[in-house]
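Here is a short briefing on one structure. The notes that follow are grouped by topic.

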Amino acid sequence: MTFPLISFYVFAAITTLAALAVITVRSPVHAALCLVLTFFSAACTWLLADAEFLAIVLVLVYVGAVMVLFLFVVMMLDVDIDPLREGFIKALPVGLLVAVVMLVEMLTLIGVRALQLPAPGDPALAAGMSNTQWLAMALFSQYLLPFEIAALILTVAIVAAIPLTLRRRQGVRMQDPARQVRVQPGERLRIVKMVAEKPAPQPETSSP
Amino acid sequence: MNYIIDAYQFCASHFPTLTMAIGLLLFPLLPVIIAVAMYVWWERKVIGWMHVRVGPNKIGPFGLLQTFADVFKLLLKEVVYPARANKALFVLAPLWALVPAFAAWAVVPIGSHVAWSDANAGLLFLLAMTSMGVYGIIIAGWASNSRYAMLGAMRSAAQVVSYEIAMGFSLVSVLILAGSLNLSDIVNAQAGSKGALDWFFLPLLPMFVIYFVSGIAETNRLPFDMAEGESEIVAGFHVEYSGAPFAVFFLTEYANMILVSFMVPLLFLGGWLSPFPVSWGWIGAPGWWWLFAKMFVFATAYLWLRATFPRYRYDQIMRLGWKVFIPITLAWVFVAGCMKYFGWVVAGA
């Protein structure tokens with residue numbers, strides 16, 4: 001057993017255990033943190049397969065941004081988990097069925113892949129460049145149109161998500177920070193020139 | 001001396017991963033920790049001078065050992081766990097902040113291809129590691145079971161995620177011009193016969209400014225330290241931390257500041273390249289001293305900003321990030337693409 005193989009087994013075991021923990025731990029915050037661990041160890045296994053670009057992007061996008069927002073929401077909502085658990089036994093047969101179907105699909109896919117022996121070699125290695133460079137070349141030349149369409153769909157989805165959540169409430173004292181930042185001293189402050197006044201000399205009072 | 005080299009080569013050939021791990025521990029970590037101690041001293045000195053005070057001057061020559069005294073005090077203090085805090089996560093949070101902050105140093109070069117990991121996706125790795133550091137803050141805020149800590153964590157999460165976008169786009173424009181994700185290649189792409197005029201800060205001037213400002217926002221430093229905001233939420237996410245875990249948060253923050261101060265010269269100011277043309281002899285020769293001098297300037301700029309500016313308000317920070325920085329960076333990525341396409345800027349020329 002070589003060191004990369006041992007590390008693969010370790011990372012794969014952590015990925016599986018963390019994924020199991022996501023659906024079994026009680027607290028939603030702990031579940032979200034376990035999902036972070038799942039992503040991270042999955043990225044480690046990809047790194048072992050020399051897919052460094054995908055691995056780092058997985059950490060960057062999912063761990064660094066998506067899960068932060070996820071955690072943000074979970075912490076803010078303070079989800080009460082008990083009502084969610086009530087239907088667990090009732091939904092179990094459906095869940096098991098879906099799981100079995102997915103497993104069969106995956107096994108079929110792996111079987112089909114195994115039939116096309118020998119496995120295709122690493123295209124990046126064949127082209128003599130790094131994984132990142134090869135992926136960029138393929139994405140931006142060969143698959144440019146699908147890539148741009150995917151980007152467009154995502155942009156439309158973001159724009160659509162914003163109007164869904166945006167609502168103008170009446171009677172709220174909203175501030176406009178842009179206006180506040182742009183404010184000039186002249187609008188708020190008036191400097192007045194005044195002649196310095198001397199206090200009138202007090203008439204001397206003769207003490208009794 | 002030969003024995004040491006032989007021993008090193010034996011270890012490196014037989015246990016490469018272990019050697020790398022110990023090497024990482026010895027090379028970036030110890031110097032970074034000492035640099036952090038010196039940086040804290042320098043911060044207190046600079047801010048002292050700006051306030052017309054002396055700053056620390058009692059312990060050691062010029063007060064140099066002041067930070068070490070503070071650290072020992074912190075390490076010897078009791079660690080107080082708040083009631084009903086989530087103890088496991090409470091302890092884990094500072095480590096979760098610290099580990100990515102130090103892991104990022106693995107790809108930082110101090111000379112051409114002189115880095116622990118000369119990875120070809122180095123810049124992405126660095127971005128991924130720094131984006132993970134925010135977990136430490138969020139978890140600290142949540143696990144403390146305290147309102148102030150929670151508010152600080154929420155502010156920090158929103159702020160860091162927002163500014164990461166602007167930061168990412170400013171890096172994209174650097175990548176377009178350099179044509180590589182390797183940090184050494186990025187610096188070498190800035191080399192040229194005109195010295196400082198060949199660096200990326202000129203064609204990418206708005207990005208250079210935005211990168212440094214976003215770096216300040218990412219490290220939660222003044223004037224963007226909403227996560228701490230003493231006047232509003234006491235000390236934000238680390239309000240419940242004392243003793244050693246607090247020291248770890250402190251160490252992380254300053255290590256990240258030094259990291260940003262390294263990244264700005266590497267990406268925009270030619271790293272270890274000399275500002276003078278190579279043809280000028282020894283003064284035009286590249287070397288690590290240039291990188292460290294540039295790093296020192298930005299590290300001091302951090303302190304200068306801290307002593308100069310009042311804290312931004314939270315909604316103003318969000319406006320600056322989303323409505324000012326992101327549109328500018330989006331436009332400038334296009335400009336950088338044009339520069340590359342029409343050959344206005346040629347890497348390594």
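H7(B) and H9(B) are roughly antiparallel to each other, a label used for angles over 145 degrees. In this predicted model, local features need pLDDT of at least 70, side-chain atom pairs count only at pLDDT 80 or more, and totals for chains, interfaces and linings use all residues. Residues are numbered from 1 along each chain as its sequence is written, while chains are lettered from A and ligands numbered from 1 in the order in which they are written.

**The H7(B)–H9(B) pair**

- The two helices, H7(B) and H9(B), pack at an angle of about 150°, and their axes are 9 Å apart. Axes are lines fitted to C-alpha atoms over the stretch in contact, and angles run from 0 to 180 degrees between N-to-C directions.
- The crossing of H7(B) past H9(B) is left-handed, meaning that the near helix is turned anticlockwise from the far one by less than a right angle.
- On the H7(B) side, the contact includes Tyr163(B), Met167(B) and Ser170(B); on the H9(B) side, it includes Met207(B), Ile210(B) and Tyr211(B). Contact requires C-beta atoms, placed from the backbone, within 7 Å.
- Eight nonpolar, four polar and two charged residues make up this contact of H7(B) with H9(B). Ala, Val, Leu, Ile, Met, Phe, Trp, Tyr, Cys and Pro count as nonpolar, Asp, Glu, Lys and Arg as charged, and the others, Gly among them, as polar.

**Helix H9(B) itself**

- Of the 14 residues of H9(B), 11 are buried. Buried means 20 or more other C-beta atoms within 10 Å of a residue's own, with C-beta atoms placed from the backbone.
- Phe208(B), Phe212(B) and Ile216(B) are among the buried residues of H9(B).
- The buried residues of H9(B) pack against H5, H7, H11, H12 and H13 of chain B.
- Asn220(B) follows H9(B) and has a positive phi, near 55°.

**Chain A and its side facing chain B**

- Chain A has 10 helices and zero strands. Helices are DSSP runs (H or I, at least four residues), strands are E runs of at least two, and both are numbered from the N terminus.
- Of its 208 residues, 13% count as buried in chain A.
- In chain A, 22 residues are in contact with 21 residues of chain B.
- H3(A) gives the most to that side of chain A, with 14 residues.
- The side of chain A that touches chain B divides into 17 nonpolar, four polar and one charged.

Definitions and conventions
Two residues are in contact if their C-beta atoms, placed from the backbone, lie within 7 Å. A residue is buried if 20 or more other C-beta atoms lie within 10 Å of its own, exposed if 12 or fewer, and partly exposed in between; C-beta atoms are placed from the backbone. Angles under 35 degrees count as roughly parallel, over 145 as roughly antiparallel, 65 to 115 as roughly perpendicular and the rest as oblique.
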